[in-house]
Amino acid sequence: MLRTPAQRKALCPECPVARVADLVGDTQSILIVRDLLKGPQRFGELMDSLKMSSRTLTLKLKNLEKDGFVRRPPALSYALTQKGRALKTVIDSLRRYGEKYL
């Protein structure tokens, strides 16, 4: 993930791969999207599945929500938006690559 505005300015405007990686390129965010592709989940369910601290999960969910990938309806379950569901092909490609080469 690009940390500073200077890094974003240098890489992101001209490279769609860098822009997407900046938004969801860290391991935790990808795994949150992977789990939410199964359907809406409550915070505790995500914590149990992902084995990450509540602080990290909260931060990642807030960032995914801010960037339009995740929504949190009143029932306190997190779900993917259309933009988040569009990452399914990326997640599926990562899964196939991992199964074949790792």
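**Exercise 1. Work out the strand order of the sheet and find its edges.**

Start with the order: 3 strands make an open sheet, arranged E1-E3-E2 with antiparallel pairing. Next, the edges: strand E1 (41–42) and strand E2 (70–71) each have a single partner strand, so one side of each has no neighbour in the sheet. Then zoom in on one pair: E2 and strand E3 (residues 77–80) run antiparallel and share 2 bridges. Two strands pair if DSSP finds at least two bridges between them. For a landmark, Arg-71 sits opposite Ala-79 in E3.

Before you go on, a word on ground rules. This is a predicted model, with residues numbered from 1 along each chain as its sequence is written. Local features need pLDDT of at least 70 and side-chain atom pairs pLDDT 80 or more, while totals for chains, interfaces and linings use all residues; side-chain values use heavy atoms, leaving out hydrogens and water.

**Exercise 2. Describe the overall fold of the protein chain.**

Count first: the protein chain has 7 helices and 3 strands. Those are DSSP runs numbered from the N terminus (helices H or I, at least four residues; strands E, at least two). Along the sequence they follow the pattern α-α-α-β-α-α-β-β-α-α.

**Exercise 3. Is Asp-26 buried or exposed, and which side chain does Asp-26 contact?**

Locate Asp-26 in the loop between helix H2 (16–24) and helix H3 (27–36). Its relative accessibility is 12%, so Asp-26 counts as buried (under 20% relative accessible area; exposed is over 50%, partly exposed in between; 1.4 Å probe, protein chains only). Finally, the side chains of Asp-26 and Lys-60 are joined by a polar contact of 3.2 Å (N or O atoms within 3.5 Å; within protein, one able to donate a hydrogen and the other to accept it, and residues adjacent in sequence count only if both atoms are side-chain atoms).

**Exercise 4. What stands out about the phi of Lys-51?**

Find Lys-51 in the loop between helix H4 (43–50) and helix H5 (54–66). Check phi: the angle is near 55°, positive in a residue other than glycine. Last, accessibility: Lys-51 counts as exposed because the value is 71%.
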